[in-house]
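Here are my notes on this model, in the order I went through it. Have it open next to you while you read.

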Amino acid sequence: MNVFAGVRSAAGAEQKDAGSAGGEALLELTPHRMAVCHLVQVFAPPGAQQEGGPATPPFPFESVAHHNRLGLFLFSLTRSCEDFLEPPLEELLRQLKAVDDLVNGWLCEQLTTTLSGLNSPDDLFNFFDKLRGVLASPEGASVEDEFLDPNSQLGVYLRCCILAFNSMTFEGVCHLLSNLVAYCNSAETSYDLAEDEDFNSEMEMSDLMDADIGVRAGVFDKYGQGYATESHMGETSSSFIHAPISLHDFDEANIFKADENPTCLRSRWQLEAYLNQQADILEKDPSSVPLNSFNATMTQLQTLAPELHRVQFLQHLNALSHDDYVAALDNLHRYFDYSAGQGLFSRSLSANQDIIVGKYESALLSLGSLHCYFGHPKKALEAFTEAVRVSQMNNDDSCLAYILGAISNLLSKIGISNTVGIIGSPYSLGNNSGLGTPLSIQQQLLVLLKRSLKRADMLKLTSLLSFDHISLAKFDLKHVQRPLVSFGPNASTKLRTCPADVCKNLRLSSHVLSDFGTGDLSTSHDNGSFSTSWLRNLSAASSSWCSSSAKPRKQIVNDFDNFHFNAQPSPIPTSVLQLAGSAYLMRATAWEHYGSAPMVRMNALVYATCFADAASSPELSLAYVKLIQQLVVFKGYSVAFGALKLAEEKFPSSTNPHIQLLKMQLLHDRALHRGHLRVAQQICDEFGVLSSSVSGVDIELKTEASLRHARTLLAAKQFSQAAVVANSLFSTCYKYNMQVENASVLLLLAEIHKKSDNVVLGLPYALASQSFCKSFNLDLLEASATLTLAELWLALGSSHAKRALSLVYQSLPMILGHGGLELRARAHIVLAKCYLTDPEYSVSEDPCAVLDPLNQAAEDLQVLEYHDMAAEAYYLKAMAYNHLGKEGDREEAAARFKEHVTAVENPHDEEASLAY
């Protein structure tokens, strides 16, 4: 019977290397490791197979399940990465109590008795001599009858500890004895209190918890998530999970003392896992990481373990999250100076590889990403271009693939109107036509994306392949792919985007991730996540007896926390889950463009429900933003602001740009609807502050700010100024080839000319907007443009009422099926105006054709508090009732009309528009 047989660990490989190097100890022997060794001896006592038989667990275990539970506990102790310092005896006893309940504390008592009885070097020698018997086969038994496999996780752990003891000098043994005494004495008082059940009052219980559990929770439960897999540069900045609690707990717990014993550090594998856990915090919740406290923590760790160069890279990420350019650049340089950048990429098997590979090109890629983050597109492209050259020179295909992906990401996110002289020749990125026609930015982007996709597929870089498919889907969503040879009999005349290509790439993005099979990843990505989370839950379970009077602990959002003791961790890395979730976010964005509200809600809900554990804070908040935007469109502001309050509790608007932007959007829209123009202009000014002053950076935010400024001027009836802003915005969008945004700008220009009574000038803009919408398959926006076109025809006179009515009926199916409250109300009003303008229509013959849509419009606009449009609806209702001779209903509609007009012309309590 082999317990945990075949579970190979990194320590096993290290031991082999150590053996070949002369038998050096793999780890420093500490009291905590001795405590674990004793528990392993209890778990697998010498001769247990001979005494009890294969089906009988050794004393004192009551069942095989009870015995296996201790085995899983020991396995987790050797793999967890909760902190880079080992837990004290007090914490170990608290965790052990959950396993020890069935034998009334026998395991805890035996552990403390055994450790306290080790008073001399001879006692230590006898202790480790007994441990050898755990790994030895019983007399007369075959190798298959071993109770503990020496090559298992626990077997390797015992062998490492025995080797460490055999390698110790006499002074080292004495030092270990003194540490053991301090280790035991530190837990005596707290352990006795925890076992004492004679509490005098609930107040004593609360005091105990504050003094005992609260302090330890601050040190060992400071993270709400376990460690996730190490990512590679280019896949994501880091592929990690939630980390909710501030690193101030380090200083508050005083675990960094000047006299801290360096031998209390965990193994190198666990320290690497701990560093990844800190990168998890920086990725998932950077606002919770104070700059100075984190740097002090990393400096202390670097002092204790100077060979851990990734500490400097973590300090670089921390500086990035705090927008400290100088510190970020300095730490990045120091990291590559000390580490040569090894370990960031999967290397290609090139015969010409030498020590240069992975050093310079990796540094250049990181430097380019740094410049891209701080809004220096030219410097970023210069670094990327040099990285491409060095990667090609060193045959570093993997790094080259990531660089191409980074350049594609830069070109898609940062507006660059011309790259000639930056990336090199404008003909160097794939123009094989031989005609000397320079490539546009979009054509260069497409060529780069396809190159990166091809290399990722060839090198089996699955995460990069998935990322490239998502990038191609985004490109297909916003750009019409024109052929390089655009004339001749075989030239394509199709000038429309293809939604099928978008869906195909999004499906392929998820499909390639299916290559991550459970068999391949269960070992390669075994990084301590499950063990860390299991121990945390075990500690929480052991403290459940005092949970009634304790303060509620912060909920842990982690897949592993939902597992029971016999569960298995998910083999899929968090970076892969993030990419899979990004595909759903991209689907939601695509359906926003195409105008399908139910599909937007479905994909956003799938992301928020299924990928919340793996998602970073910005991406998860973006899913919440999409859901709240759907609420305001279909349910009104009261419901949307209620959801926004809940979102702000999870993502404070002061630290999350998506939530802050959504808040300003809702406040601006509501101010315009209420007629509070001064407040609306104030919010427009705040929009301008949010965007960067660097040209080409935050171009989408700048576009929205200009669009809202023009809408505010239009609401204030400053038509000439609104037209100037809109025309300038159109030029900007054309410069950066933002064709989708141009469709909205053209529609706005048509609205400006319509309200300024320049109907004839507005028709070309409406027709152009409609053409753009058809080219990019913007179905809902196309329906809105068709509705504006109908209004323009209607404004030309009653002779065009039939044509306008035909256009309205053409757009109604899309509007009623997917449009929000405002668009539906507007369509109903235009429909009623078409009937009332038509000289062949009589209200007395068919009053429902006018009153039904007007009543529905008034109801929808009441929810939106849209006074201007509601006044128009009630005005038309009063006219209809007047034709019908219903004076009472006419006067009621006229009174409501006056209320809304007064609210627009004489707004009161405008400051209330900023509250919610």
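1. Ground rules. Contact here means heavy atoms within 4.5 Å. The model is a predicted one, so to speak: local features need pLDDT of at least 70 and side-chain atom pairs count only at pLDDT 80 or more, while totals for chains, interfaces and linings use all residues. Numbering runs from 1 along each chain as its sequence is written, and side-chain values use heavy atoms, with hydrogens and water left out.

2. Histidine 828. Start with helix 36, where histidine 828 is found (helices, H or I of at least four residues, and strands, E of at least two, are DSSP runs numbered from the N terminus). Its relative accessible area is 11%, so histidine 828 is buried (buried is under 20% relative accessible area, exposed over 50%, partly exposed in between, with a 1.4 Å probe and protein chains only). Setting aside neighbours within four places in sequence, histidine 828 is in contact with Leu816, Pro853, Gln856 and Ala857. Leucine 851 is 23 residues from histidine 828 in sequence, and their C-alpha atoms are 9.7 Å apart.

3. The cores. A nonpolar core is a set of buried Ala, Val, Leu, Ile, Met, Phe, Trp, Tyr and Cys residues joined through side-chain atoms within 4.5 Å. The largest has 76 residues, and Ile628, Leu666, Val808, Ile829 and Leu861 have the most contacts inside it. Which helix gives the most to this core? That is helix 36 (residues 821-837), with 10 residues. Valine 808 touches Leu787, Ala790, Ala827, Val830, Leu831 and Cys834, if you skip residues up to four places away in sequence. Another core of 48 residues lies apart from it, with Cys37, Phe43, Leu89 and Leu92 among its members.

4. Cysteines. A disulfide is a pair of cysteine sulfur atoms within 2.5 Å, and by this rule the count comes to zero. Cysteine 37 is in no disulfide, and the nearest cysteine sulfur, in cysteine 161, is 3.5 Å away. Looking from the other end, cysteine 161 has its closest cysteine sulfur in cysteine 37, and 3.5 Å is too far for a bond. Cysteine 37 counts as buried because its relative accessibility is 0%, and cysteine 161 counts as buried at 0% too.

5. Helix 32. How far apart are the end C-alpha atoms of helix 32? They are 25 Å apart, which agrees with the 24 Å that its 17 residues (739-755) should span at 1.5 Å a residue; the expected span is 1.5 Å times one less than the number of residues. Of the 17 residues, 15 are buried, so helix 32 is largely enclosed by the rest of the structure.

6. Glutamine 312. This residue is found in helix 14 (residues 310-321). With a relative accessibility of 1%, glutamine 312 counts as buried. Leaving aside neighbours within four places in sequence, glutamine 312 is in contact with Gln302, Asn331, Arg334, Tyr335 and Tyr338.

7. Salt bridges. The whole structure has 23 of them, a salt bridge being a side-chain nitrogen of Lys or Arg within 4 Å of a carboxyl oxygen of Asp or Glu. One of them joins arginine 132 and aspartate 129, at 3.4 Å from N to O. These two are three residues apart in helix 7 (residues 121-135), so about one helical turn separates them. Arginine 132 is partly exposed at 30%, and aspartate 129 is partly exposed at 41%.

8. Longer links. Arginine 708 and aspartate 669 meet in a salt bridge at 2.9 Å, N to O. Arginine 708 is in helix 30 (residues 699-715) and aspartate 669 in helix 28 (residues 657-674), so the pair ties together parts 39 residues apart in sequence. Both arginine 708 and aspartate 669 are buried. Asp669, Glu704, Arg708 and Arg711 are linked in a network of salt bridges.

9. One last pair. Arginine 674 forms a salt bridge with glutamate 865, with the closest N and O atoms 2.7 Å apart. Arginine 674 sits in helix 28 and glutamate 865 in the loop between helix 37 (848-864) and helix 38 (867-884), 191 residues apart. Arginine 674 counts as buried at 16% relative accessibility, whereas glutamate 865, at 27%, counts as partly exposed.
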